[in-house]
Every structure is written in C-alpha cells, then in structure tokens.
Amino acid sequence: MADFIFLLQNVVSGLLLPPLAPALIVLLGLMLRRRWVGAGLIATGLVSVVLLSTNAVSSALLVSLQVSQALSPTNLPRAGAIVVLAGGLREQAAEYGSDQPNIFTLERLRYGAWLAKRTGLPLLVTGGYKYDGPTEAQVMAQTLRDEFGLQPRWVESRSRDTSDNASYSAELLREAKIARVLLVTHAWHMRRALLEFKAAHLDPVPAPTVFARVPNKLTFVDFLPTARAYFNSGFALHEWLGIAWASLRGR
C-alpha cells in the first residue's frame, strides 16, 4: 500500500508540475482550437513556460519559500543533534565508480559537517529512495567519513520523502531522548521540512543553506528564458505543491 501511495503521489505531482502540466494545457487547447477557450489555453501554456524559464520568476518563486535566516556563525543555537536531509544521488558516478551525493545532498552535507565540527553535536543523516544498492543516507554517511572525517551517529535509510524523513528520524531521536535538533536543508526546502518535523513532535531549529535571492536590480537578461531558470521554477512549484499537500494532511 505504501508503494502505491508513493507512486500515486509522484504521478499526480508529474501531472500538476512542469514540464508536463504546461504541455497538457497546450494539448487541451489544441483539442479545442476552434473555440476561444482553446486559444486561451494554448497561450496560457506557452506563456507559462516562457515566464517560468526566466530568472526573474524562478528566483522570486524560490525566495517566496524561504522562511528563516541563516544561523549566526558566531552564535549557534543549542540542540541535541544535527539532522541532514538527503537531496538525491548521482548513481554510479563514473569518476568514482560508485554512487555519490548529488549537488543538493553535498551542499547540505557540507553545512551539516561544518555545524558538527563547531558544535560537537551528533549527526543524523536521513534518506532512502533506492530499490537497489546503497541508500541516500548510506552514501551520505560514507561521504562524511571519507571526506569530512565525521561518523554520523544515526543513518536513517527507510524514508522516501520529507514526511518520512521527519517520522523515521523522530523514532531514532526519541530513543536517545532528543527533541531539539538543528535541521539542515536548502533554504527553499525548509518551509516544508519544518512543517513535517514539527508534526513528528520534534523541535526543529532551522539551519538552512544555499539561499536564493532576487537581483536588486532586474535587467533585460533576467527576463531571457534559460533551462536553469525553468529547472529552478520546477523545484519551487514542487515545494509549494508539497506544502499544500501537507496542509491538507493537517500539518
């Protein structure tokens, strides 16, 4: 049943988000092309792709998700542990000959390691989402050992999404009688992560990394479509959809 729900969530997400959603809107418009509604749908689909592909829109969407400031490097808050959320893998990276953290996971790991070395707090890495081979958390743990000289105390490998990250991490932390944690993830992912970790009856202190920003002065270049901007817009819309789903579940 859990596999079916996970699959259903991904199917629905794919239908509602770029790149498929704008394509479906245009397709529906083409089916209704002899009516003014059809023309409107075609225009909506095409314009949405162009707008989402601009840095002006994508950066604004990412910034809209950021709910907390960076921690002060000289005045770090007290907590019982540091929780680092996975962000994906590079499977079978040719230059290493094994699975490696992708850029999102590596950015989070680096900040988690930085915090651990300055606070002495134990690390929990969380992330599953692999049907064969090492999980995200296992790869994260290996990277911490090999490249940062740190041994995580907990390696949570069952989770498939942010909700699972929170609930399974909470199980491990309750056994250690820890509730207050420094929660490490990207600034644009923190809003949803906080909802899930609070729902799991933890006391998360946001420790965001990699902040997006809207340029102080927009230029013509910020309105030129790029693949990177479209990619970032997709991430932001995925987060807002996840937040809406969390709200429906009473988070």
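In this predicted model, the charged end of Arg158 sits over the ring of Tyr168, 3.9 Å from the ring's centre (the rule asks for NZ of Lys or CZ of Arg within 6 Å of the ring centre and within 35 degrees of the ring normal). Residues are numbered from 1 along each chain as its sequence is written. Because the model is predicted, local features need pLDDT of at least 70 and side-chain atom pairs count only at pLDDT 80 or more, while totals for chains, interfaces and linings use all residues; side-chain values use heavy atoms, with hydrogens and water left out.

**Ring pairs**
- Five aromatic pairs are counted here (rings of Phe, Tyr and Trp, using Trp's six-membered ring, with centres within 6.5 Å; planes under 30 degrees apart are stacked, over 60 edge-to-face, the rest tilted).
- Phe104 and Trp188 form an edge-to-face pair, because their ring centres are 5.9 Å apart and their planes stand at 90°.
- This pair joins distant parts of the chain, 84 residues apart: Phe104 is in helix H5, and Trp188 is in the loop between E6 and helix H8 (190–199) (helices, H or I with at least four residues, and strands, E with at least two, are DSSP runs numbered from the N terminus).
- Phe104 has 16% relative accessibility, so it counts as buried (under 20% relative accessible area; exposed is over 50% and partly exposed in between, with a 1.4 Å probe and protein chains only).
- Trp188, at 8%, counts as buried too.
- Ring pairs link Phe104 and Trp188 with Phe231 and Phe235 in a cluster.

**Nonpolar cores**
- The largest nonpolar core has 23 residues, and Ile82, Val84, Leu115 and Val125 touch the most other members (a core is a set of buried Ala, Val, Leu, Ile, Met, Phe, Trp, Tyr and Cys residues joined through side-chain atoms within 4.5 Å).
- Elements giving two or more residues to this core include strand E1 (81–85), helix H5 (103–119) and strand E4 (123–126).
- A second, separate core of 17 residues includes Ala81, Leu173, Ile178 and Leu202.
- In soluble globular proteins, nonpolar side chains tend to be buried together.

**Helix H4**
- Which residues of helix H4 (residues 55–63) are buried? They are Ala56, Ser58, Ser59, Leu61 and Leu62.
- These buried residues pack against helix H3 (36–52) and helix H9 (227–248) (contact means heavy atoms within 4.5 Å).
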